[in-house]
Amino acid sequence: MRRLQTILVSAAIAFGPLTEGLADDGLSSFDRFADRCLDRGPQYDRSAALAHRNEWPSLAADMVLSILPLSEPVSFDGWITGTGSAAPFEALVVGRGMVGEKAVESCTMAFAGIDAAGFERSLVSTRAAKPSGEQNGEGRIRKFFTIERDGLKEAVTLDLPIYPNGSDEVLASVVAEQQTEH
C-alpha cells in the first residue's frame with residue numbers, strides 16, 4: 001500500500017504538465033468514478049473509446065499493472081484523466097482477466113488530493129454499497145464492498161489513508177463478471 005502513495009506522487013510530478021490542457025467536467029471525484037466505472041459496471045471497450053475520444057495520455061504499463069486489481073490480466077490499459085491545471089493527479093485503469101472460470105473486467109481510478117472520507121460516504125450512501133471486509137496496511141486501509149446491480153454482484157475496493165486529511169490519495173476499483181452485448 002505504501003507503493004500506491006509513491007506511484008501517485010511520482011505520476012503527479014511526471015504527468016502534471018500533461019493534465020494542464022484537459023477540460024474540467026465539473027463532477028466530483030466520486031461522480032467521475034461512478035460514471036466511468038461503477039454505474040454500468042466495468043466496461044473495458046467503453047473506457048478505451050472514452051480515453052481515445054478525449055485524447056488522454058497513456059500511463060506506462062508498469063504503472064498500470066501496479067494499480068490494476070487483477071493479478072493475471074489478459075489485457076489492460078490506463079490513462080491520465082486529470083481535469084485541468086488546478087486538478088491533482090487522476091488516472092483510469094481498465095483490465096480483463098479470469099477469476100476461476102469466470103471472465104471479469106475491472107475499472108480502477110486513482111486520485112490524489114481528494115477527500116477520502118467523503119468519497120467513501122458517497123459510495124455507501126448513493127450506491128447502497130455493503131461492507132464485506134477490510135485489510136490494514138502501513139498508513140493505509142483497504143475496504144471491500146459489494147454492490148448488487150441488475151441481479152449481478154460487483155466487488156468494489158477502496159484503498160484509503162488510515163487518517164484522511166481531506167487531501168488524500170484514493171484508489172477505487174470495481175470488478176465484475178464480463179458482460180457481453182447481444
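These legends accompany close-up views of a predicted model.

**View 1. Overall fold of the predicted model.** The protein has five helices and seven strands. Along the sequence, their order is α-α-α-α-β-β-β-α-β-β-β-β. The protein holds 182 residues, and buried residues make up 45% of them. Of the contacts with a separation of 6 or more, 56% join residues 24 or more positions apart. The accessible surface comes to about 9,300 Å². Carbon and sulfur atoms account for 50% of that surface.

View 2. The average pLDDT of the protein is 85. A score of at least 70 is reached by 82% of the residues. Residues 1-24 stay under 50 in pLDDT. For this segment the model has 43 contacts beyond four places in sequence. Where pLDDT is low, predicted coordinates should not be read in detail.

**View 3. The largest nonpolar core.** This core contains 30 residues. F33, L38, F119 and L123 touch the most other members. Several elements give two or more residues each: helices α2 (29-38), α3 (44-54) and α5 (116-127), with strands β2 (90-99), β3 (102-114), β5 (140-149), β6 (152-161) and β7 (168-177). Helix α2 gives the most, with five residues.

View 4. Eight of the ten residues of α2 are buried, so the helix is largely enclosed by the rest of the structure. The buried residues are S29, F30, R32, F33, A34, R36, C37 and L38. S29 belongs to helix α2. S29 has 14% relative accessibility and counts as buried. Beyond its neighbours within four places in sequence, S29 is in contact with F111, I114 and F119.

**View 5. F33 and its contacts.** F33 lies in helix α2. Its relative accessibility is 0%, so F33 counts as buried. Neighbours within four places in sequence are set aside in the following list. F33 is in contact with L38, C107, M109, F111, F119, A172, S173 and V174. F33 is also one of the residues that touch the most other members of the largest nonpolar core.

**View 6. The aromatic cluster.** F30, F33, F111 and F119 form one aromatic cluster. The count of aromatic pairs comes to four. One of them joins F30 and F33, with ring centres 6.4 Å apart. Their planes stand at 55°, so this pair is tilted. F30 and F33 both lie in helix α2, three residues apart, which is about one turn of the helix. F30 has 4% relative accessibility and counts as buried. F111 and F119 form another aromatic pair, also tilted. Here the centres are 5.6 Å apart, and the angle between the planes is 55°. F111 counts as buried at 1% relative accessibility. F119 counts as buried at 3%.

**View 7. R140 in strand β5.** R140 is found in strand β5. With a relative accessibility of 2%, R140 counts as buried. The R140 side chain makes a polar contact with the side chain of D159, at 2.6 Å. R140 and I162 are 22 residues apart along the chain. Their C-alpha atoms are separated by 4.8 Å.

**View 8. Y163 in the loop between β6 and β7.** Y163 sits in the loop between β6 and β7. Its relative accessible area is 73%, over the 50% cut-off, so Y163 is exposed. R140, by contrast, is buried at 2%. Y163 and A116 are 47 residues apart in sequence. In space, C-alpha to C-alpha, Y163 and A116 are 9.3 Å apart.

Notes. Residues numbered from 1 in each chain as written. Predicted model: local features only at pLDDT ≥ 70, side-chain atom pairs only at ≥ 80, totals over all residues. Heavy atoms only, no water. Core = buried A, V, L, I, M, F, W, Y, C linked by side-chain atoms within 4.5 Å. Buried < 20%, exposed > 50% of the residue type's maximum accessible area, 1.4 Å probe, protein only. Helix = DSSP H or I, 4+ residues; strand = E, 2+ residues; numbered from the N terminus. Contact = heavy atoms within 4.5 Å. pLDDT = per-residue confidence, 0-100. Phe/Tyr/Trp six-rings, centres within 6.5 Å; stacked < 30°, edge-to-face > 60°. Polar contact = N/O pair within 3.5 Å; in protein donor to acceptor, adjacent residues only side chain to side chain. Areas by Shrake-Rupley, 256 points an atom, 1.4 Å probe, with all protein chains shown as cover.
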